[in-house]
Amino acid sequence: MIKKLALQWLEKNKAKFNQISDRIWDYAELGLQEVKSAALLASELEKAGFQVVRGVADMPTAFVATYGEGKPVIGFLGEYDALSDLSQKPIPQRDPVVEGAPGHGCGHNVHGTSGTAATIAVKEVMEKQNIQGTIKFFGCPAEETLVGKVFMVRDGVFDGVDTIFSHHPGSMNAAQLESSNAMNSVKFQFYGVASHAGGSPHRGRSALDAVELMNIGVNFMREHIIQEARIHYIIEKGGGAPNIVPAQADSWYFVRAPLRDQVNHIYRWILKIAEGATLMTQTTYEYKLLTGCYNLLSVPSLADLVVKNMREIGAPEYTVDENKFAQTLQATIPPQNIIAALKRSKRHDWRKLQGVTIDTSIPDPWGSGDVMGGSTDVGDVSWQTPTIEFTTATFALGLPGHSWQKVAMGTSSIAHKSLLFAAKTMACCALDTLTNPSLLQKITTEWITAKQEEEYVCPLPLDLKPPLDQFPTN
Ligand SMILES: [Zn+2]
């Protein structure tokens, strides 16, 4: 009965949330610059009767909206940052709205909005039915650069929360149990001495040599670290012209591994290699850790709860036109890549999805013990409180992550249906945990087991400030 009230409320108000999601898609703001997107969601929650604290954890676009009092405390996450250079019209051919501008290639316009919709729906029901407890919506900026939630965790923003629900747009209606890689993001600056590269090379010391030797050292190190680790780098600055010995050269590294202490071990080794490169080249260096994050802890009973509620609600169905639109986008991807993506999902019935455009099934949770290649700052939240991030089918199967094809689908009626389905699922899960103390107890017990008595040590130094200038503003 109480869940029905939430479903009815969301159904009645869906047009408003579709509009909000579309507006955030339109704003397409990069991490820590999501001024309009964060303001839109925060003001919507405020209008609905939530107490909103803006600018938490030293980030102007991070906020927390709270309703109710006492235990239990149930949380929802919302992200709203876009990705560079992915501007795209909502059509199935590559055509940017503004050449070179950002776009929502990860569906975070839907992410922030589905969480907001669910949070307000739960509040409406709590009020009507006199349900005890507190609900909190966490407005989380800069997920793409793994910044927002790690700083929020460090500053205690998630303290006292009993469990958290989060939704990410995907290509399946799924609650997976796989983990994600822990990670460090670090920048290196090497300093040498400029000189005429033809006339007086002996008087110069090349910072670029140091960058190159460091990279070589790291690439030799790879053989002697765990196979699951992933290390990738770019050279941000390598000098001005060949006839000048580069006095400064910069590189940027990501270090990933399944567990936090594995990242720490490799990271310390890389710092030594950087130092070694300066000894070889008679240069100096500085480094700056931008951010770091933990692996994701999964809680099977949270995944079961999501799937149970998804099945009770029922997955959306799609019209011929919706399928046609999605098919045209799917056709821009080579068929072998789509099959490879399905296989990589490790879903036991992935073969059945060959030839399918929008997945309408709701599989059992899977992936326990697996680790996805990427990283997410939801990982750090999952070490503070039992957390689940599930997906709904927003995109055609096989579309690559962070692609213009995903931007093109972000305001479609398919995305709108997935938003509503996700909000309904989250609202029902939250109402279950608010009204069933033994369920919450079971979730907590499983989470404590998942941590295996390991203590969370924030990857960020206490005095590190959020990188508010990580993207240049126009
Ligand atoms: Zn994302």
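Is Ala-142 buried or exposed in this predicted model? Ala-142 is buried, because its relative accessible area is 0%; buried means under 20% relative accessible area, exposed over 50%, and partly exposed in between (1.4 Å probe, protein chains only).

Before the views, a word on how to read them. This is a predicted model, in which local features need pLDDT of at least 70 and side-chain atom pairs count only at pLDDT 80 or more, while totals for chains, interfaces and linings use all residues. Residues are numbered from 1 along each chain as its sequence is written, and side-chain values use heavy atoms, with hydrogens and water left out.

**View 1. Ala-142 in its loop.** Here we look at Ala-142 in the loop between β4 (133-140) and α4 (148-154). Helices (H or I, at least four residues) and strands (E, at least two) are DSSP runs, numbered from the N terminus. Although Ala-142 is not a glycine, its phi is positive, at about 45°.

**View 2. Glu-453 after helix α13.** Glu-453 sits in the segment after α13 (437-451). Phi of Glu-453 is near 60°, a positive value in a residue other than glycine. With a relative accessible area of 81%, Glu-453 is exposed.

View 3. Look for three donor atoms here: SG of Cys-106, NE2 of His-108 and NE2 of His-168, lying 2.1 to 2.3 Å from the zinc ion. Donors are N, O and S atoms within 2.8 Å of the metal (3.2 Å for Na, K and Ca); water is not among the atoms, so sites may look incomplete. Along the chain, the donors of the zinc ion follow the spacing C-x1-H-x59-H. Distant parts of the chain are linked by the pair of His-108 in helix α3 and His-168 in strand β5 (residues 163-170), 60 residues apart. His-108 counts as buried because its relative accessibility is 0%, and His-168 is buried too, with a relative accessible area of 14%.

**View 4. Helices α2 and α3 side by side.** Helix α2 (residues 35-47) and helix α3 (residues 108-129) pack at an angle of about 5°, and their axes are 10 Å apart. Axes are lines fitted to C-alpha atoms, for helices over the stretch in contact, and angles run from 0 to 180 degrees between N-to-C directions. The two helices, α2 and α3, are therefore roughly parallel to each other; angles under 35 degrees count as roughly parallel, over 145 as roughly antiparallel, 65 to 115 as roughly perpendicular and the rest as oblique. From α2, Leu-41, Glu-44 and Leu-45 meet Gly-112, Thr-113, Thr-116, Thr-119 and Ile-120 of α3. The residues of this contact of α2 with α3 divide into three nonpolar, four polar and one charged. In that grouping, Ala, Val, Leu, Ile, Met, Phe, Trp, Tyr, Cys and Pro count as nonpolar, Asp, Glu, Lys and Arg as charged, and the others, Gly among them, as polar.

View 5. His-104 is found in the loop between β3 and α3. This residue, His-104, is buried, with a relative accessible area of 1%. Leaving aside neighbours within four places in sequence, His-104 is in contact (heavy atoms within 4.5 Å) with several residues, including Trp-25, Tyr-80, Asn-109 and Lys-406. The C-alpha atoms of His-104 and Thr-411 are separated by 9.9 Å, although the two are 307 residues apart along the chain.

**View 6. Pro-60 in a loop.** The loop between β1 (51-54) and β2 (63-69) holds Pro-60. At 57% relative accessibility, Pro-60 counts as exposed. Not counting residues up to four places away in sequence, Pro-60 touches Gly-55 and Leu-468. Between the C-alpha atoms of Pro-60 and Leu-32, 28 residues apart along the chain, the separation is 7.4 Å.

**View 7. A cis peptide bond at Pro-72.** Lys-71 and Pro-72 are joined by a cis peptide bond, with omega at about -10°. Pro-72 lies in the loop between β2 and β3 (73-79).

**View 8. Leu-213 in helix α5.** Leu-213 belongs to helix α5 (residues 207-221). With a relative accessible area of 29%, Leu-213 is partly exposed. Apart from neighbours within four places in sequence, Leu-213 is in contact with Ala-277, Met-280 and Thr-281.
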